[in-house]
Amino acid sequence: MDRINAYSLLTEYTKTPGLLKHALAVEAAMRAYARKFGEDEEAWGVIGLLHDFDYERFPSAEQHPYTGAEILRDKGVSEDWIRIIMSHVPSTGVPRDSQCAKTLFAVDELCGFLTAVALVRPDKKIAGVQAKSVKKKFKQKAFAAQVSREDMVTGAEELGVSLNEHIEFVVAALAGIADELGL
C-alpha cells in the first residue's frame with residue numbers, strides 16, 4: 001500500500017482532527033527513524049500513518065488493532081506490516097521483533113505526549129520543546145494522564161537510545177511537519 005491509499009484509508013475511518021494529526025506525527029517520526037537506520041522510509045511512514053486508522057471506530061481493547069488488521073488483510077497489506085501494527089499495542093502479545101516494530105512502539109505514545117507538551121506552551125510550537133521540559137511534564141501524573149510513561153521509557157530502551165535523545169529526535173521530526181500538525 002502506498003501513502004496515497006494509506007491516507008485515503010486513514011481518512012475513511014478517522015474524522016477527528018486530533019487523531020489525524022497523531023497519525024501524521026507518527027508517520028513523520030517513523031520516516032525520520034527510517035532515514036536514521038537506513039530503512040525504507042516510504043514503508044515505515046505508511047505503517048506509521050496506518051497504525052491507529054481503526055481506533056476512532058473501534059476503540060475498545062477487544063477491537064483495536066484487531067479490526068484494523070482484518071481490514072488491512074482484506075486490502076492486501078502484507079502480513080509483515082500487519083504484524084508490526086499489531087505489535088504496537090502491548091496487550092496483543094505480538095512481539096516487537098523488528099526494528100520497525102520497536103520504532104513504531106517507541107514513537108506512538110511519545111508523539112502524543114510531545115503534542116500535549118507543545119499545546120501548553122505559550123507559543124504552541126513543537127520546535128521549542130526541549131527534553132528537559134518534557135521530562136518535567138513526564139513527572140506530572142495528571143498531565144496527559146492517558147499517555148503511558150512506562151511505554152515511552154520502554155520504547156527508548158528497545159531502540160537503544162536515551163530518553164533524552166529519543167525525545168529530541170522525535171521533536172525534530174515533528175518540527176519538520178509543524179504546519180500540518182498545527183504546532
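**Exercise 1. One face of a helix**

Which residues are buried in helix 1?

Solution. 
- Step 1. Buried means under 20% relative accessible area, exposed means over 50%, and partly exposed lies in between (1.4 Å probe, protein chains only). Helices (H or I, at least four residues) are DSSP runs, numbered from the N terminus.
- Step 2. Read helix 1, residues 3–13: Ala6, Leu9, Leu10 and Tyr13 are buried.
- Step 3. Look down the axis of helix 1. The buried residues fall within an arc of 100°, so they line one face of the helix. The arc is that of the directions from the helix axis to the C-beta atoms.
- Step 4. Find the cover. It includes helix 2 (17–37), helix 3 (41–50) and helix 4 (66–74).

A note on the model. It is predicted: local features need pLDDT of at least 70, side-chain atom pairs count only at pLDDT 80 or more, and totals for chains, interfaces and linings use all residues. Residues are numbered from 1 along each chain as its sequence is written, and side-chain values use heavy atoms, with hydrogens and water left out.

**Exercise 2. Backbone in the loops**

Where does Pro65 lie, and is the peptide bond from His64 to Pro65 cis or trans?

Solution. 
- Step 1. Pro65 sits in the loop between helix 3 and helix 4.
- Step 2. Check omega. From His64 to Pro65 it is near 5°, and the peptide bond is cis.

Now take phi. What is its value in Lys124 and in Ala144?

Solution. 
- Step 1. Lys124 has phi near 55°, a positive value in a residue other than glycine. This residue lies in the loop between helix 6 (99–120) and helix 7 (131–138).
- Step 2. Ala144 has phi near 45°, again positive and again not in a glycine. Its loop runs between helix 7 and helix 8 (149–159).
- Step 3. Lys124 is partly exposed, at 43% relative accessible area. Ala144 is buried, at 12%.

**Exercise 3. The nonpolar core**

How many residues has the largest nonpolar core, and which have the most contacts inside it?

Solution. 
- Step 1. Define the set. A nonpolar core is a set of buried Ala, Val, Leu, Ile, Met, Phe, Trp, Tyr and Cys residues joined through side-chain atoms within 4.5 Å.
- Step 2. Count. The largest has 64 residues. Phe113, Leu114, Ile126, Val170 and Leu174 have the most contacts inside it.
- Step 3. Find the main contributor. Helix 6 gives the most to this core, with 12 residues.
- Step 4. Follow Ile126. Contact means heavy atoms within 4.5 Å. Beyond its neighbours within four places in sequence, Ile126 is in contact with Leu114, Ala118, Val171, Leu174, Ala175, Ala178 and Leu183.
- Step 5. In soluble globular proteins, nonpolar side chains tend to be buried together.

**Exercise 4. Two cysteines**

Solution. 
- Step 1. State the cut-off. A disulfide is a pair of cysteine sulfur atoms within 2.5 Å.
- Step 2. Search. The whole structure holds zero disulfides.
- Step 3. Compare the distance. The sulfur of Cys100 is 13 Å from the closest cysteine sulfur, in Cys111, too far for a bond.
- Step 4. Check accessibility. Cys100 is buried at 5%, and Cys111 is buried at 0%.

**Exercise 5. Charged pairs**

How many salt bridges does a search of the whole structure find, and which residue meets Glu27 at 3.1 Å?

Solution. 
- Step 1. Define the pair. A salt bridge is a side-chain nitrogen of Lys or Arg within 4 Å of a carboxyl oxygen of Asp or Glu.
- Step 2. Count. The search finds 11 salt bridges.
- Step 3. Take Glu27. Its side chain meets that of Arg31 in a salt bridge (3.1 Å, N to O). Both lie in helix 2, four residues apart, about one turn of the helix.
- Step 4. Check burial. Glu27 is buried at 5%, and Arg31 is buried at 14%.
- Step 5. List other contacts. Not counting residues up to four places away in sequence, Glu27 touches Arg3, Gly45, Gly48 and Leu49.
- Step 6. Turn to Glu165. This residue forms a salt bridge with Lys36, the closest N and O atoms being 3.3 Å apart. The pair links distant parts of the chain: Glu165 in helix 9 (residues 163–175) and Lys36 in helix 2, 129 residues apart.
- Step 7. Trace the network. Salt bridges that share partners join Arg3, Glu27, Arg31, Arg35, Glu41 and Glu42 into one network.

Terms used
Helix = DSSP H or I, 4+ residues; strand = E, 2+ residues; numbered from the N terminus.
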